[in-house]
Amino acid sequence: KMTILSLHSEPVQDSWLDAYGHLNEAYYLVAFSNATWPLQAHFGIGTEYFDETGGAVYTLETHLRYLDEVRAPAQLDIKSMIFGSDAKRIHFGHIMEVDGRERATVEFMMLHYDTRAGRPGPMPDDVQQALKKAQLSELPDWVSRSIGLDKKK
């Protein structure tokens, strides 16, 4: 089962370019973060949900991989997928494509937080069910990798 959502696309901004004319590393995360808002809205936990309930989703951890350069002008097409979830957490990722080629991937661990109570809390049951239904049955090989140099024995 492959639920891949195409919910966000945006052009590279000139202010996002580094001295080499490439998309600066920080702005990959900006584009991925921009793609997370429509993903949250898709599952009913976007800004309207926050306004009504005080429920928010906060980032706990991010792992970003830079696969190929991006130069302006470029349209950043972001694909989103759910890797796993429980009552309070969502593990998901995005793939950035330009001209149909993967340029970067990111995975996030997010926590559902009840801002009115001032503590983490469970997401609504319908949201939890929708996340479970959308979860990939087979994860891409880049999910849950660690970073580091091989240690000599």
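Visitor: Where does Ser 80 lie?
Guide: In this predicted model, Ser 80 is part of strand 3, which covers residues 75-85.

Visitor: And is Ser 80 buried or exposed?
Guide: Ser 80 is buried, because its relative accessible area is 1%, and the cut-off for buried is under 20%.

Visitor: Which side chain does Ser 80 make a polar contact with?
Guide: That would be His 94: the two side chains are joined by a polar contact of 2.8 Å.

Visitor: What else does Ser 80 touch, leaving out residues up to four places away in sequence?
Guide: Besides His 94, the list has Thr 3, Ile 4, Leu 5, Leu 39 and Gly 93.

Visitor: There's another histidine I was looking at, His 91. Which strand is that in?
Guide: His 91 sits in strand 4. With a relative accessible area of 15%, His 91 is buried.

Visitor: What does His 91 touch?
Guide: Setting aside residues up to four places away in sequence, His 91 touches Ile 82, Phe 83, Gly 84, Glu 107, Phe 108, Met 109, Val 143 and Ser 144.

Visitor: Which other non-glycine residue has a positive phi, say near 55°?
Guide: Asp 99 has that value. You'll find Asp 99 in the loop between strand 4 and strand 5.

Visitor: Buried or exposed, that Asp 99?
Guide: Exposed, because the relative accessible area of Asp 99 is 71%, and exposed begins over 50%.

Visitor: How many residues sit between strand 4 and strand 5 in that hairpin?
Guide: Two residues lie between them, with Asp 99 in the turn. Strand 4 (residues 89-98) pairs with strand 5 in the antiparallel sense over ten bridges. To give you one spot to look at, Arg 89 stands opposite Leu 111 in strand 5.

Visitor: What about strand 2 and strand 5, how many bridges there?
Guide: Eleven bridges, again antiparallel, between strand 2 (residues 55-66) and strand 5 (residues 101-114). Thr 59, for instance, has Met 110 in strand 5 as its bridge partner.

Visitor: And how does strand 6 pair with strand 5?
Guide: Strand 6 is residues 119-120, and it pairs with strand 5 in the antiparallel sense over two bridges. Asp 114 has Arg 119 as its bridge partner in strand 6. These two strands make a hairpin with four residues between them, and Gly 118 there takes a positive phi near 75°.

Visitor: Switching to helices. How far does helix 1 reach?
Guide: Helix 1 (residues 25-42) has 18 residues and reaches 27 Å from its first C-alpha to its last, close to the 26 Å expected.

Visitor: What caps its N-terminal end?
Guide: Asn 24 does: one of its side-chain oxygens lies 2.8 Å from the backbone nitrogen of Ala 26. Just after helix 1, Gly 44 takes a positive phi of about 80°.

Visitor: Which residues of helix 1 are buried?
Guide: They are Tyr 28, Ala 31, Phe 32, Ala 35, Thr 36, Leu 39 and Gln 40. Residues three or four places apart in an α-helix point the same way, because there are 3.6 residues a turn.

Visitor: What covers those buried residues of helix 1?
Guide: The cover includes strand 1 (5-11), strand 2, strand 3, strand 4 and strand 5.

Visitor: Now the largest nonpolar core. Which members touch the most others?
Guide: Val 70, Leu 76 and Met 96, out of 31 residues. Two or more residues come from each of helix 1, strand 2, strand 3, strand 4, strand 5 and helix 3 (125-134). Helix 1 gives the largest share of this core, five residues.

Visitor: How many residues are in the other core apart from it?
Guide: Six, among them Met 81, Phe 83, Leu 136 and Trp 142.

Visitor: Back to Leu 76 for a second, what does it touch?
Guide: Not counting residues up to four places away in sequence, Leu 76 has contacts including Trp 16, Leu 23, Ala 31, Val 70 and Met 96.

Visitor: Last one: which peptide bond is cis, with omega near -5°?
Guide: The bond from Ala 72 to Pro 73. Pro 73 has its place in the loop between strand 2 and strand 3.

Conventions
Residues are numbered from 1 along each chain as its sequence is written. This is a predicted model: local features need pLDDT of at least 70, side-chain atom pairs count only at pLDDT 80 or more; totals for chains, interfaces and linings use all residues. Side-chain values use heavy atoms; hydrogens and water are left out. Two strands pair if DSSP finds at least two bridges between them. Buried means under 20% relative accessible area, exposed over 50%, partly exposed in between (1.4 Å probe, protein chains only). A polar contact is a pair of N or O atoms within 3.5 Å; within protein, one must be able to donate a hydrogen and the other to accept it, and residues adjacent in sequence count only if both atoms are side-chain atoms. Contact means heavy atoms within 4.5 Å. The expected span of a helix is 1.5 Å times one less than its number of residues. A nonpolar core is a set of buried Ala, Val, Leu, Ile, Met, Phe, Trp, Tyr and Cys residues joined through side-chain atoms within 4.5 Å.
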